[in-house]
Protein chains: 2
Amino acid sequence: MQQIWLPLLSGLCLGLASLCSAEEGLEFPNFDGKDRVLDMNERNYKKALKRYDLLCLFYHEPLPANKGLQKRFQMTELVLELTAQVLENKDIGFGMVDSQKDAKVAKKLGLEEVGSLYVFKDDRVIEFDGELSADTLVEFLLDVLEDPVEMINNAMELRAFERMEEDIRLIGYFKGEDSYYKAFQEASERFQPYIKFFATFDKSVAKHLSLKMNEVNFYEPFMEEPAILPGRPLSEMDIVEFVNQHRRATLRKLRAENMFETWEDDMDGIHIVAFAEEEDPDGYEFLEILKDVARDNTNNPELSIVWIDPDDFPLLTTYWEKTFKLDLFRPQIGVVNVTDADSVWLDMSNDEDLPTAEELEDWIEDVLSGRVNTEEHRGRRRVCRRPGKR
Amino acid sequence: MQQIWLPLLSGLCLGLASLCSAEEGLEFPNFDGKDRVLDMNERNYKKALKRYDLLCLFYHEPLPANKGLQKRFQMTELVLELTAQVLENKDIGFGMVDSQKDAKVAKKLGLEEVGSLYVFKDDRVIEFDGELSADTLVEFLLDVLEDPVEMINNAMELRAFERMEEDIRLIGYFKGEDSYYKAFQEASERFQPYIKFFATFDKSVAKHLSLKMNEVNFYEPFMEEPAILPGRPLSEMDIVEFVNQHRRATLRKLRAENMFETWEDDMDGIHIVAFAEEEDPDGYEFLEILKDVARDNTNNPELSIVWIDPDDFPLLTTYWEKTFKLDLFRPQIGVVNVTDADSVWLDMSNDEDLPTAEELEDWIEDVLSGRVNTEEHRGRRRVCRRPGKR
């Protein structure tokens with residue numbers, strides 16, 4: 001097989017098996033070759049903004065001279081084209097904005113980060129800084145199309161709400177669609193789809209959640225008790241400010257839809273990273289210990305652990321194993337320097353048992369105090385230099 | 001953008017955002033252009049079988065003359081090449097077997113279904129009949145590499161085990177690694193990774209599960225109580241036969257790793273299909289009702305409902321909406337004829353509330369008796385002819 005035009009190939013999906021079968025109902029889309037992604041410029045951007053429910057713009061560097069990079073660029077276009085095709089009936093426009101040629105348009109639209117994708121919905125802009133695959137992008141856009149506030153009407157829906165412990169969630173109790181609810185809704189639109197907003201008009205649901213009228217609760221991921229937003233009724237800005245202050249959770253799960261954003265939000269150049277497969281008994285056990293630690297330390301603004309479930313990122317698993325010199329069939333926790341990917345990992349290899357919450361807290365204290373760091377080597381841990389780096 | 005060589009493009013993932021960032025640690029693999037997938041033939045297949053822990057062979061039709069189909073074929077090769085690259089350190093061999101040119105090899109290896117992928121591990125063959133994307137394939141192969149029996153040693157791991165209600169699971173209680181455990185392990189290898197096998201040597205874990213020594217429990221997905229395999233100690237064949245008889249669950253979740261296999265396992269040409277997003281309060285509620293129905297009817301061999309969570313298949317969501325004329329932002333249940341994808345759906349659009357378990361059971365009874373079918377139109381439901389079909 002010759003050297004190929006696909007430097008960035010990864011999650012390609014072929015419905016080949018279905019082609020050989022006489023059965024129908026599971027046909028993966030084939031790109032039909034039709035152009036749907038617009039070349040945005042000063043003449044057409046306003047019209048596009050008006051015309052679609054959502055406008056999805058990829059902000060990119062000028063077409064590179066280098067052939068390899070050109071192929072890479074074409075692949076991005078293809079991801080957008082396939083996404084546009086799949087979502088053809090959904091009234092979503094797609095376009096490309098060149099950071100040089102269309103600098104004026106970019107400025108007017110407020111596009112800042114080259115390589116990001118911006119979604120315009122009504123008068124808002126939502127930045128997508130996640131895995132740029134058709135899967136992830138389609139799912140993200142379908143989420144953006146939904147109502148930003150989800151109603152909780154009964155005990156069963158309440159149970160669904162209570163199970164979502166991985167997400168940042170807000171829930172408010174309102175009399176109905178009055179001005180207080182509207183303020184809540186306006187706030188929700190600023191965080192959609194990254195932060196989930198729920199509301200109830202139902203007295204018994206509110207009672208179960210100990211919510212007073214016009215009160216809003218904020219649930220940090222993995223915490224048992226919510227925080228109550230101070231004051232009520234709350235204005236849109238009250239809610240927005242509270243969320244902005246509290247959105248970096250003590251334990252946060254890495255997700256494809258905003259993985260680069262999460263990674264960029266480091267703590268002084270490092271991340272404490274925990275790998276644990278939730279579907280695996282060992283991984284589950286370790287995750288429960290992590291949650292205990294997070295609950296004990298939820299008021300420490302210095303601490304934020306990024307939990308990565310390797311099952312969610314099959315294509316990165318072996319890259320991580322190599323970069324960090326880890327066995328990801330087992331749970332792991334370590335410190336990663338995000339500027340050079342140097343890392344140091346808690347040595348759990350010789351133990352029958354996983355560390356206790358107390359042992360983990362001691363180790364985290366050593367990390368936060370700098371006693372455990374990626375520049376030195378001592379005690380019960382392994383420092384890993386990234387391969388190829390001196 | 002010109003017509004492109006990617007008729008089957010879908011889950012392409014580009015780590016572009018990471019390219020623009022100074023941060024390291026999340027680099028998606030780029031295909032490096034190196035050939036890793038072998039062209040299998042009579043001369044090299046035995047050596048390959050011996051050389052690798054796993055050998056992964058794609059059984060395909062001869063290279064087609066049609067240019068479009070050729071591109072499609074190249075894309076399959078690329079998915080395999082990228083998978084091979086990502087798993088380079090894992091001692092897995094990859095190869096292609098041409099159903100015409102390599103007919104003899106195929107026969108010797110027992111390859112049957114063109115378009116399937118066969119994985120050889122020790123003296124077993126595992127067929128992969130799922131979504132042929134690098135993501136899904138990498139995850140599948142990593143699962144195959146793991147031990148087929150997972151140990152449950154303590155209360156926390158037991159909790160992890162009990163949470164896996166979507167999977168078919170077996171768990172056995174043994175004294176240690178004796179011949180009874182070995183028989184259980186041999187059986188597990190025949191079903192890896194599709195059916196999960198667990199074992200415990202721990203008395204208190206066994207007690208919690210009401211397991212006697214050398215006893216094995218079988219958990220059907222979504223059922224509260226397990227079935228006890230008759231007799232003990234059990235031979236490998238006792239276990240294998242029991243699993244084969246019980247593996248089609250009353251409620252089964254469609255999964256990327258074996259989606260085509262599940263779809264081919266229809267009930268007299270039809271599937272009862274339920275769409276429900278578990279992360280959505282409505283979807284969760286509907287799923288709970290479905291589980292109740294499945295529990296009430298677990299002894300009916302005529303009934304098997306395929307549950308599809310649209311979140312797991314973003315690229316198929318709009319295809320299903322179009323083919324079945326559905327709104328998948330809401331839960332849905334219907335009957336699909338797998339030979340032509342005609343379908344009929346329970347009309348839930350005018351109701352404030354979802355149907356009760358009783359109403360759903362009545363409707364299912366109508367389906368099983370043929371009163372509700374895809375060929376006629378009556379009462380509280382909608383028949384949908386596939387677009388473009390007369």
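I take buried to mean under 20% relative accessible area, exposed over 50%, and partly exposed in between (1.4 Å probe, protein chains only). Helices (H or I, at least four residues) and strands (E, at least two) are DSSP runs, numbered from the N terminus.

The model is predicted, so I note that local features need pLDDT of at least 70 and side-chain atom pairs count only at pLDDT 80 or more, while totals for chains, interfaces and linings use all residues. Residues are numbered from 1 along each chain as its sequence is written, chains are lettered from A and ligands numbered from 1 in the order in which they are written, and side-chain values use heavy atoms, with hydrogens and water left out.

**Entry 1: α9 of chain A.** I looked up helix α9 (residues 236–246) of chain A and found A:Ile239, A:Val240, A:Phe242 and A:Val243 buried. They cover an arc of only 165 degrees around the axis, which puts them on the same side of α9(A). The arc is that of the directions from the helix axis to the C-beta atoms. An α-helix has 3.6 residues a turn, so residues three or four places apart point the same way. I listed what covers the buried residues of α9(A); among the elements are α7 (179–191) and β10 (196–200) of chain A. Contact here means heavy atoms within 4.5 Å.

**Entry 2: α3 and α5 of chain B.** I checked helix α3 (residues 67–86) and helix α5 (residues 134–145), both of chain B, which pack at an angle of about 45 degrees with their axes 9 Å apart. Axes are lines fitted to C-alpha atoms, for helices over the stretch in contact, and angles run from 0 to 180 degrees between N-to-C directions. α3(B) and α5(B) are therefore oblique to each other (under 35 degrees is roughly parallel, over 145 roughly antiparallel, 65 to 115 roughly perpendicular, the rest oblique). On the α3(B) side I noted B:Val79 and B:Leu82, among others, and on the α5(B) side B:Leu137 and B:Leu141, among others. The residues of this contact divide into eight nonpolar, one polar and no charged.

**Entry 3: α6 of chain A and α11 of chain B.** I then took helix α6 (residues 155–163) of chain A and helix α11 (residues 281–296) of chain B, which pack at about 115 degrees with axes 8 Å apart. α6(A) and α11(B) are therefore roughly perpendicular to each other. The α6(A) residues in contact include A:Glu157 and A:Arg159, and those of α11(B) include B:Asp282 and B:Glu285. I recorded four nonpolar, no polar and six charged residues in this contact. Ala, Val, Leu, Ile, Met, Phe, Trp, Tyr, Cys and Pro count as nonpolar, Asp, Glu, Lys and Arg as charged, and the others, Gly among them, as polar.

**Entry 4: A:Asp312.** I found A:Asp312 in the loop between β15 (305–308) and α12 (314–324) of chain A. A:Asp312 is partly exposed, with a relative accessible area of 38%.
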